[in-house]
Every structure is written in C-alpha cells, then in structure tokens.
Amino acid sequence: MSRDAGVGAVHRPTTTRGGIARMGSAAGVDSLDPARTYYIWVALLQRMLSRTPMAYPSGPGPTARVPVPDLLSVEPETEDRRTWTLRLRQGVTYDDGTEVTAEHLRHAIERTFDPEVTGGLRTIHALLPGTAGYLGPAHGEHLDCLRVEDPHTLTVTLAAPFADFPHVLAQPALAPVPPERDSGGGYEVSPAWTGPYRVTEHVPGERLALRRNPGWDGDTDPIRPALLDGVDVTMGLGHREVDEAVLRGHLDLSVEGRGVQLSTQADMEGDQSLMDLVDNPATGFLQFVSIHPFVEPFDCVHVRRAVHHAVDRVDLQRARGGPDLGGDIATQLFPPTLPAHRPWARYGTGPDLRGDLEAARAELARSRHRGPLRGRIAAQQGKFHEVAESLAASVARVGIELEVVDLDIATYFSRGVGSPATLRERGLGLAVTDWGADYPTEHGFLTPLVDGRMIRPDAGNWNLPELDDPEIHTLVDQAVAGEGEESLTAWRQVEQLVMEQAVLLPVVHDRTVHVRGPRLRNVYVHPAFGLYDVHALAMEE
C-alpha cells in the first residue's frame, strides 16, 4: 500500500464479489428520496440505489467527469441544445419487477415541483418553461415541455439552449418514479429502487443498511460493478470518532468524506503504516466563508472588504490542514479543476499572505459603521471551527470582534447556514462552509452560490449571502448561451462581480485527507465528486 494509491488510479483492483463494507458518518442522510437528496455523499450512496438517465462512469481518470448513458440507451439527442430526446433502455426494472418507462421519468421531474418534495437539487427548475404556479402531478396535470412519445421515449423542451443538460440528467432528482408508488413527502420511506442495492434498514441519524436489489439486472447497467453484498452505515458519530474507527479497522471508511481532523493528522504523522492508508486528492471543492449583507455590520461593503484584506491566509490554510494536506491558498472562486480558473486576487494579501492591514483599515474608515464592530460567525465542531477561530484572530487585528457559534453538525447545511431564517434569527453575519459543484462545469459550480434565481427561502439554500443581482443573471445567461472562450470570459466576469461585492471569502482550493480501511479493494477517488466512489468498492478476499 502507499499514499495516494487511490488518486488517479484504482487501488487494489479486483472483480471479486462479496462482503459488507462498514462505513461511518457524523451526519445522517438528508433524504433517501432521490429528489430530496443534496449532500454529495448521499448522492454517492444514491448511485448504488437509483439509476438516472445519464451517470458519471466508474473510474479515476478525467473521462469520468463526462456523463454517459445509464438509463438511456444512447446519448440524449439534440440539434439546438434546447429540445432533447431521451430514449430509455428496455428491460430495466425496479425492485418489484415493474419496468421503467418514459412516464416514470416525466413523473420524477414533475414531482420535484410538489411542495411536499422539498430540498434536493433543483437545477432543472430554472431550465423548464411554463412552470409558474405548477405544483406537481398529484392532480393529473403535466408540463407541456415534457412529452411522452412512447413507453421508452421522452422529449424535453427547455426554455433556452443549455449545453450542460446531460450533467443535469445525472442528478439524483432525475431517478424515475412510478406514479403508483409515489407518496409525496413520504416517498423517502420506501422508494422504488433501480440500482443494484436497496435499503433494508434505516433508523434516521443512527444506522442505514443496503443489501442487493433482486430487481437489478447487471446486463442493463454499464456503470455499476456491484461487487459488495451490502453496506452498513453507522451515523451520529463524532468526526474524531469516525477517524479512530477507520484507523483501528472497526470501520472501512468515512462515507461523508470530509477528511480526517487536524488532531487525527497529528497522531498519524510518523506512522508510515497509517500514512499508507491516506489519499490526498485535489477535490475541486472550495473551502470558503460567506459574508451576509443582511446582518450588521456586514451590510456595509467596506466592512466586508476589510475582512477580505485583513485575513491571514497562511493561518487559514493551517486551520484546514496546512499546504500539504489541507489545500492551496485561494484568492479566487473557480477551482483549478475548471477551465475558468485563473490566478488573480481582488484583495490585498500582503507580501507574506498574512493580510494587508493598512488596506483593511482604509476600508473601515469609509464605512458608515463606527466604534467597535462585532459579529457572529457560524461553524461546526472540527475544521470549520478552526477556520472560524483563525478568521476571528485575523480581523481582530483591525478592530472587528467575531464570536464563533457552533451549529448542529447533522443539520448544518439544511436548517443551519442553509436556512435564511436561521442566519437572521441568530445574527450570523458570516458562515464557514465548503462547496463542491453540483456537476463539474462552471455552471454547476458557481450558479448555486451566486445566482439569485436559485435562492431557496426556506432551507437548503446555498446562495448564503442571497445575492440577487440582475447584472450577474445576465452574465450567467450569456455564459450558458456562449461557447469556448466567449463562455469562459462571461464566467470570469461573474466571478469578478461577486468578488467586488465581497460576499464570498475563498479560503483554500481543497485537498482532503481521505483514509481507506485496509480491507477495502477497488478504491479510487472519483474525479467528478472528490470522494471515494462507494458503489465500486470491493472487500478483501
């Protein structure tokens, strides 16, 4: 074994079937309803449970970032990138033996508009025309833009051309749902499984068991090797507790993939047998701090810009794990894994990257707020807390006092920082967070963070500063409609506008310290997700 053996390569490849993988997590699954799944690690579990029209292929190489037909028999057909014809494979069945049809795919898309089916990825909502006031198919109403041509063909007409549509077809929310099994908000209790596994036990926040799905036929599935007999997930553990369990062989991996804690890394140093279990990929994630213009004193752009100037980027990097294990210092939003990435910095970093305090004080002098400035920053136990403490120490040097507020780990992204009401009620002017693209393109990475048309007013919101800028909307639309350099130029203009408003503070372009248990085989970090591709795992013979 060796370090990074699962980065860009398959570690200990095998085709041997059998075994139950044991996994752990601090958080519980957000939902077993594919339409309500948002956490990326749950989306990876969904690859074991539910098939989608397109899917990211198995494998550690760059081609795995491009979706291929899964439920579809051929690539989606289009002449204008606006009207797409989807042709389903024949003979694909659910766990009860019912065949998947085009009507089920239409129903899956339409039910995401049902007010009971909250959360999840809603990218397709912004793409479809004629959806105003639509509340789903429960009363027999269908969208005109979704047309069932025959039992295995669905035509989708978008509001405008959209080249990334094959990526959208790979999202969990596009998993087909037979109408007769749909119970709205209660569907997550017993979904219709199309993948090689089904859920046999789920105690929310405690444990989850996956076992083989008798309705799955491997001859119709070009994506999933399905080598494991099943997976057992223990939830509700502490981050450090998960680390120790994997290192001691009691668990095979952390299914959340958030990386081992700094204290664990310190314990591992010098022990080559433990370091051989480490994969440390550049994940394409951005670790960042959001700054909220609706909470004083950060309602003033000069205060927000002062925070950007004052930050000690070297210490923030240390809080994430240091340059070798935590990631590369970020002064921009787009990660190096995307073509729009470029080396640039809107705010002063100082000659040693420890902040430009003079520029920060100059911004504060322009602010309408006077006297000691105080604020609260949301975090959770672990690395997020370390980042918050580091930022608090940085801005204290220019007279900004930050109180670190640790929120619940299990609901941090859904009902914590992802809830506009929570941010306001608790006066959280900043929040430590991270982000991996909904799909590996500029649109999949940036629009959920900055496009006001994607703000969710209830929960699960990722546009934390609630940016709603018409100029940004226009540039996003230009980027989507354009191609090549024209599109990249528009995306970079969006990035520049966001940085001018100083609402997103980049910390590092993430490198995560993943640890794989010694029993695991067929291990690799999937380049589209930055986490282990759990559906491909196998066990020691």
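Trainee: How many cavities of 30 Å³ or more are there?
Mentor: The count comes to 4. A cavity is a set of points on a 1 Å grid over the protein atoms alone, where a 1.4 Å probe fits but cannot get out. This is a predicted model: local features need pLDDT of at least 70, side-chain atom pairs count only at pLDDT 80 or more, and totals for chains, interfaces and linings use all residues. Residues are numbered from 1 along each chain as its sequence is written, and side-chain values use heavy atoms, with hydrogens and water left out.
Trainee: What volume has the second largest cavity?
Mentor: About 170 Å³. That is the space filled by probe spheres set on the points.
Trainee: And how many residues line the second largest cavity?
Mentor: 17 residues, with Val242, Asp243, Ser254, Gly259 and Val260 nearest its centre. Lining residues have an atom within 4 Å of a point.
Trainee: Which element gives the most to that lining?
Mentor: H4, with 4 residues. The lining divides into 8 nonpolar, 6 polar and 3 charged residues. Asp, Glu, Lys and Arg count as charged.
Trainee: New topic. How do helices H7 and H16 cross?
Mentor: The axes of H7 (residues 301–310) and H16 (residues 484–501) come within 8 Å and cross at roughly 105°. The two helices are therefore roughly perpendicular (65 to 115 degrees).
Trainee: Which residues make the contact?
Mentor: Val301, Arg304, Arg305 and His308 of H7 meet Met499, Glu500 and Gln501 of H16. Contact means heavy atoms within 4.5 Å.

How values were computed
Axes are lines fitted to C-alpha atoms, for helices over the stretch in contact, and angles run from 0 to 180 degrees between N-to-C directions. Angles under 35 degrees count as roughly parallel, over 145 as roughly antiparallel, 65 to 115 as roughly perpendicular and the rest as oblique. On a 1 Å grid over the protein atoms alone, a cavity is a set of points where a 1.4 Å probe fits but cannot get out, and a pocket is an open set with protein on both sides within 12 Å along at least five of seven lines; lining residues have an atom within 4 Å of a point.
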